[in-house]
Each structure stands twice: as structure tokens, then as C-alpha cells.
Amino acid sequence: MPTTKTLREGSAQKRAAILTAARELFLADGFDRSSVDAVAARAEVSKRTVYDYFGDKRTLLRAVVDSVGDALVTTVRRTLDETLTDRTEAAGLEDALVAFSMRIATEMLGSAEYTTLQRLLRSDSGHLAQQDYNPMANTPDEAIAERFAAFADAGLLDVPDPRLAADQFLALTFGVALDRLGSANAARDTRVRPLVVEGVRTFLRAYRAGRGTGGGAA
């Protein structure tokens with residue numbers, strides 16, 4: 001098996017080609033029916049190169065899932081940076097939180113990457129190192145918590161525990177939609193938005209600094 005150093009080095013283009021080929025084959029044929037030979041042929045590299053970069057097929061699957069998860073986390077961070085900015089003011093806080101949530105509900109939860117991740121986790125979870133493996137882990141929650149902490153410093157929110165506030169925000173918005181509708185994909189279901197808006201308003205009733213009213217997203 002290649003060393004950790006070997007797996008980290010090499011051509012980024014070849015690595016990306018292998019990941020793309022593996023992703024396509026795992027989705028089309030499943031993990032068990034997708035051979036390393038087929039991955040190598042589709043990526044136009046040698047079988048040895050696949051092993052040099054990823055070690056074995058299970059590690060390759062993990063790398064595919066991780067790469068999709070990384071893309072989704074990047075979407076979350078970009079959306080945070082574009083909607084919940086340091087220019088957000090108290091009067092526009094509700095609108096900003098709704099805008100963030102709706103973009104996540106469309107651009108992330110409605111994306112091909114999210115669909116791919118769900119399919120891979122459902123169909124090939126038994127081949128991952130842990131049955132409950134989640135490539136996104138706590139990263140999005142922690143990114144939201146960091147933004148809430150910044151809003152607390154700016155006097156917009158009162159959040160003694162930013163991570164708990166982030167967890168409750170996600171539960172009140174996407175969690176309610178998932179429980180009620182089975183999906184929080186706003187691109188496919190117009191019923192998601194009213195649930196998200198009400199979740200944001202409930203969150204602000206608990207966490208807005210001074211518990212004042214404001215905003216008016218609908």
C-alpha cells in the first residue's frame with residue numbers, strides 16, 4: 001500500500017480524473033461491480049496509478065464521498081459569506097437568515113452533489129469505514145455557529161452557546177421541513193419556504209438581542 005506521503009502527492013489533474021471516474025462508476029454500477037480496472041480505464045490512467053493515489057477501492061470510495069462533502073461545505077461557507085455578512089444590520093437580520101436558508105435549501109440541498117452524496121451513503125455505506133460516516137460531520141454547524149458568535153459580538157444576537165444556537169437554528173428550519181415533508185429541497189417543493197421563514201422567526205424570538213421585533217421576510 002502506498003505511504004501517506006505518496007497518496008498526497010502527484011498530479012492534481014490525475015487525482016481529479018480518478019475521483020470523477022470512480023464517482024460515475026459507483027453511481028452507475030455500485031461499489032461491488034465497479035472494478036479498479038474500469039476506474040483506471042475511464043480516468044485514462046494506469047491501474048497502478050489508481051493504487052498509488054488511493055491505496056485500495058474502499059479508500060477510493062471514501063475519497064469520492066469526502067470530495068463531494070467538501071464541495072457541499074464550500075457551498076455552505078460561500079453562502080454564509082454572501083448572505084450573513086458583517087454589514088448585516090438588526091433590521092435586516094430576519095431577511096438575511098431567510099436568504100441564507102433558502103439558498104441552502106435550493107443551491108445545496110437541490111444540487112447534484114447533494115443527491116450524489118445521499119445516493120453514495122445509502123447504497124455504499126457498508127463499504128465505508130463507519131456505518132454512520134458523515135463526510136460533512138459538524139463543519140457546516142460550526143461555520144454557522146462562528147457566524148452567530150460574530151453577530152453576538154455585533155449586538156445582533158444573544159447566544160451564550162453559539163453551537164447550540166446553530167443546532168437549534170438548523171432544527172427549526174431544515175429539521176422541521178425534513179420531518180414534515182421528508183425533504184428540505186426548496187427547488188422541488190414550494191412548501192419548504194414557509195416552514196423555513198417561520199423557523200427563522202421562531203429562532204429570532206429566542207435569540208435576537210433585546211428580543212425586539214423586526215424584519216419581515218415572507
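# Briefing: helix packing and salt bridges

In helix H8, the buried residues are Pro140, Asp141, Ala143, Ile144, Ala145, Arg147, Phe148 and Phe151, where buried means under 20% relative accessible area, exposed over 50%, and partly exposed in between (1.4 Å probe, protein chains only). The model is predicted: local features need pLDDT of at least 70 and side-chain atom pairs count only at pLDDT 80 or more, while totals for chains, interfaces and linings use all residues. Residues are numbered from 1 along each chain as its sequence is written, and side-chain values use heavy atoms, with hydrogens and water left out.

**Overall architecture**

- The chain contains 10 helices and zero strands; helices (H or I, at least four residues) and strands (E, at least two) are DSSP runs, numbered from the N terminus.
- Read from the N terminus, the order of elements is α-α-α-α-α-α-α-α-α-α.
- Of the 218 residues in the chain, 44% are buried.
- Among contacts between residues at least 6 apart in sequence, 69% join residues at least 24 apart; a contact means heavy atoms within 4.5 Å.

**Helices H8 and H10**

- Helix H8 covers residues 139-153, and its 15 residues should span 21 Å at 1.5 Å a residue, in agreement with the 21 Å between its end C-alpha atoms. The expected span of a helix is 1.5 Å times one less than its number of residues.
- The buried residues of H8 pack against H5, H6 (93-108), H9 and H10 (192-207).
- Glycine 155, with a positive phi near 85°, follows H8.

**Contact of H2 with H5**

- Helix H2 (residues 12-29) packs against helix H5 (residues 57-83) at an angle of about 95°, with the axes 10 Å apart. Axes are lines fitted to C-alpha atoms, for helices over the stretch in contact, and angles run from 0 to 180 degrees between N-to-C directions.
- H2 and H5 are therefore roughly perpendicular to each other, given that angles under 35 degrees count as roughly parallel, over 145 as roughly antiparallel, 65 to 115 as roughly perpendicular and the rest as oblique.
- From H2, Ile18, Leu19, Ala22, Arg23 and Phe26 take part, and they meet Lys57, Leu60, Leu61, Ala63, Val64, Ser67 and Val68 of H5.
- By class, the residues of this contact are nine nonpolar, one polar and two charged. Ala, Val, Leu, Ile, Met, Phe, Trp, Tyr, Cys and Pro count as nonpolar, Asp, Glu, Lys and Arg as charged, and the others, Gly among them, as polar.

- Val36, Asp37, Val39 and Ala40 of H3 meet Lys47, Val50 and Tyr51 of H4, giving five nonpolar, no polar and two charged residues.
- In the loop between H3 and H4 lies glutamate 44, which has a positive phi of about 60° although it is not a glycine. Most residues other than glycine have a negative phi.
- Glutamate 44 is exposed, at 72% relative accessibility.

**Salt bridges**

- A salt bridge is a side-chain nitrogen of Lys or Arg within 4 Å of a carboxyl oxygen of Asp or Glu, and the count by this rule is 13.
- Aspartate 37 pairs with lysine 47, the closest N and O atoms being 3.7 Å apart. This pair links distant parts of the chain, with aspartate 37 in H3 (residues 36-43) and lysine 47 in H4 (residues 47-54), 10 residues apart.
- Aspartate 37 is partly exposed, with a relative accessible area of 45%, and lysine 47 is partly exposed at 35%.
- Within H4, aspartate 52 and arginine 48 lie four residues apart, about one turn of the helix, and their side chains form a salt bridge at 3.2 Å, N to O. Aspartate 52 is partly exposed at 29%.
- Arginine 163 and aspartate 167 form a salt bridge at 3.0 Å, N to O; they lie four residues apart in H9 (residues 162-181), about one helical turn.
- Both partners of that pair are partly exposed, arginine 163 at 26% and aspartate 167 at 30%.
- A network of salt bridges links Arg163 and Asp167 with Asp141 and Glu142.
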